[in-house]
Amino acid sequence: MTGKNIIRFVVLVLLQVLVLNHVSLGGYINPYLYVLFILWLPFNTTRAVLLISAFLIGFTVDIFSNTLGLNAAASVAMAFARPLVISMISTSSEFEPGSRPSIHSQGVRWFLLYTIILVLIHHFVLFFLEIFRLSEFLSTLMRVGLSSALTIVLVFLAEYLTVRKK
Amino acid sequence: MRNLYLFFRKYYFYFLFLLLEVISLILLFNYNEFQNAAVYTWSRQVSGSFNSMFRNITEYFSLRSTNRILTEEIAQLQARMPEAFYKADTNTFFINDTLYKAEYRYISARVISNTTNKRNNFLMINKGSLNGVQNSMGVIIGNRLVGQVVGVSRHFSWVMSLLNKDSRVSAKFKKNNQLVNVEWDGGNYRYGTVKEIPKHFAIVPGDTIITSGNSEIFPEGIMVGTIHDFHIAPDENFNSARILFSTDFNSLGYVEVVLDMMRTEKEEVKTSFEGTEE
């Protein structure tokens, strides 16, 4: 289980810094697919591990893209919100030990809601910290929305691609 | 004591969250303070060598456009060679060292990482303090403006591109030396904003904007761009206009760092004046 997560960590960081950081649709829409790592952590991950591993992946992406602290702050905020979001949108609090959030086990609606909320939190923190002024509020909000949409599409793509393998 | 322990145990999630956020924000804000960039030399060395490794591979894909830019530059330089001039009177053609003292030197550098899609964009180039690069030197490509050095390590430099909220270039209209400021408001990386154009001044789309040479960063006459369109703001003191940058920031391969050899002298003049002021 841990090994699987470490592989995910490495693959997602490489994909992010080598490919996705260079993607920009329409000039300023860019996806941050590495958040998939946080989305896919198992349900029974302790909350301390959740925060620390989110910090680590954000920090690693930062080191390679020269934005020290930026992605780390956004990832930690997202990881902090994760248990809250899960308890908010789930009807039962029982999850199979070791299982991770997926369309397969929780259904499309659940997973869509889960992804949208967490990705929006992450991108909101990321883009507003990057700009750090309110004068460009609307244009930043547009960047948050558009980039989130692209990230969410990629998350679903990844989700369906891995489900087919099983 | 036990209660304190229990308290921390109960709310450790919140404390850990706050701790990690504070660490991130401290990193973020100290890092953005580009004056003391030396502190982050380590992180820069890591991302620098990593990105240059990656650039070594991707560079091949842009060879065609790099070649085109280089040949254009060669053509421009050849046009300035003595051989390119018609010598009407050979007696008057000589180089006089006392008359032409070299003021600027150029260091060619390769761009190893570059963004245009963020609100604050930076470039990393593969020349550092070992090659004579220092903070707040100008960076150009050919005769077009790119940005300004904001951080230097031994082998790499960190360049704030014109596409940055902190970037502000003192420029002027080529046709009549009217001073203006050029900034970038985000969005499309091809267009910027020219601010502080006086009301009485007529703007024509296509007007050329060049650097003013008022700062010690850029020589005079580096191309910034041409006016694309403009709007007259009746209730403000100045008009503004949109400028089409002459630099294509998305296809930078090799750039030149401008080394002003008379810079210390210029700064000395300024400080000597400020010293006697009162």
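A: Happy to! One definition to start with: the expected span of a helix is 1.5 Å times one less than its number of residues. Also keep in mind that this is a predicted model.

Q: Which residues of α3(A) are buried?
A: Quite a list! Among them are A:Leu50, A:Leu51, A:Ala54, A:Phe55, A:Ile57 and A:Gly58. The list also includes A:Phe59, A:Val61, A:Ile63 and A:Phe64.

Q: And what follows that helix?
A: A:Asn66 follows α3(A), and its phi is positive, near 60°.

Q: Let me try the span check on α1 of chain A. What comes out?
A: Helix α1 runs over residues 2–19 of chain A, so it has 18 residues that should span 26 Å. Its end C-alpha atoms are 25 Å apart, which agrees.

Q: Which residues of α1(A) are buried?
A: In α1(A), the buried ones are A:Leu12, A:Gln16 and A:Val17. They cover an arc of only 115° around the axis, so they sit on the same side of α1(A).

Q: Why would residues a few places apart point the same way?
A: An α-helix has 3.6 residues a turn, so residues three or four places apart point the same way.

Q: What covers the buried residues of α1(A)?
A: The cover includes α2 (36–39) and α3 of chain A.

Q: And which exposed residues are on the face turned away from the buried side?
A: That face of α1(A) carries A:Gly3, A:Lys4, A:Ile6, A:Ile7, A:Leu14 and A:Val19.

Q: Zooming out, how many helices and strands are in chain A?
A: Chain A has 7 helices and 0 strands. Buried residues make up 40% of its 166 residues. If you look at contacts in chain A with a separation of 6 or more, 68% of them are between residues 24 or more positions apart.

Q: How about chain B, how many helices and strands there?
A: Chain B has 5 helices and 12 strands. It has 278 residues, and 32% of them count as buried. For chain B, residues 24 or more positions apart account for 59% of the contacts with a separation of 6 or more.

Q: Let's look at those strands. How do β6 and β7 of chain B run?
A: They run antiparallel, with 4 bridges joining β6 (residues 169–173) to β7(B). B:Val169 stands opposite B:Val182 in β7(B). The two strands form a hairpin with 5 residues between them, and B:Asn177 in the turn has a positive phi of about 60°.

Q: Which residues of β7(B) are on its covered face, and which on the uncovered one?
A: In β7(B), which spans residues 179–183, B:Val180 and B:Val182 make the covered face. The uncovered face has B:Leu179, B:Asn181 and B:Glu183.

Q: What else is β7(B) joined to?
A: 3 bridges join β7(B) to β8 (residues 191–198) of chain B, and these strands also run antiparallel. Here B:Glu183 stands opposite B:Thr193.

Q: Where does β8(B) go from there?
A: β8(B) pairs with β11 (residues 238–245) of chain B, antiparallel again, over 6 bridges. In that pair, B:Tyr191 stands opposite B:Leu244. β11(B) is also joined by 6 bridges to β10 (residues 223–231), which runs antiparallel to it. A hairpin of 6 residues joins β10(B) to β11(B).

Q: Switching to cores: which residues touch the most other members in the largest nonpolar one?
A: That core has 46 residues, and B:Ile125, B:Leu145, B:Val224 and B:Val255 touch the most other members. A second, separate core of 44 residues includes A:Leu12, A:Phe37, A:Phe55 and A:Ala79.

Q: Last one: how many residues of chain A are in contact with chain B?
A: 25 residues of chain A are in contact with 27 residues of chain B. The elements of chain A that give two or more residues to that side are α3, α4 (70–89) and α6 (108–131). By class, the side of chain A that touches chain B has 16 nonpolar, 6 polar and 3 charged residues.

How values were computed
Residues numbered from 1 in each chain as written. Chains lettered and ligands numbered in written order. Predicted model: local features only at pLDDT ≥ 70, side-chain atom pairs only at ≥ 80, totals over all residues. Buried ≥ 20, exposed ≤ 12 C-beta atoms within 10 Å, placed from the backbone. Pairing = 2+ DSSP bridges. Contact = placed C-beta atoms within 7 Å. Nonpolar A, V, L, I, M, F, W, Y, C, P; charged D, E, K, R; others polar. Arc of directions from axis to C-beta. Core = buried A, V, L, I, M, F, W, Y, C linked by C-beta atoms within 7 Å.
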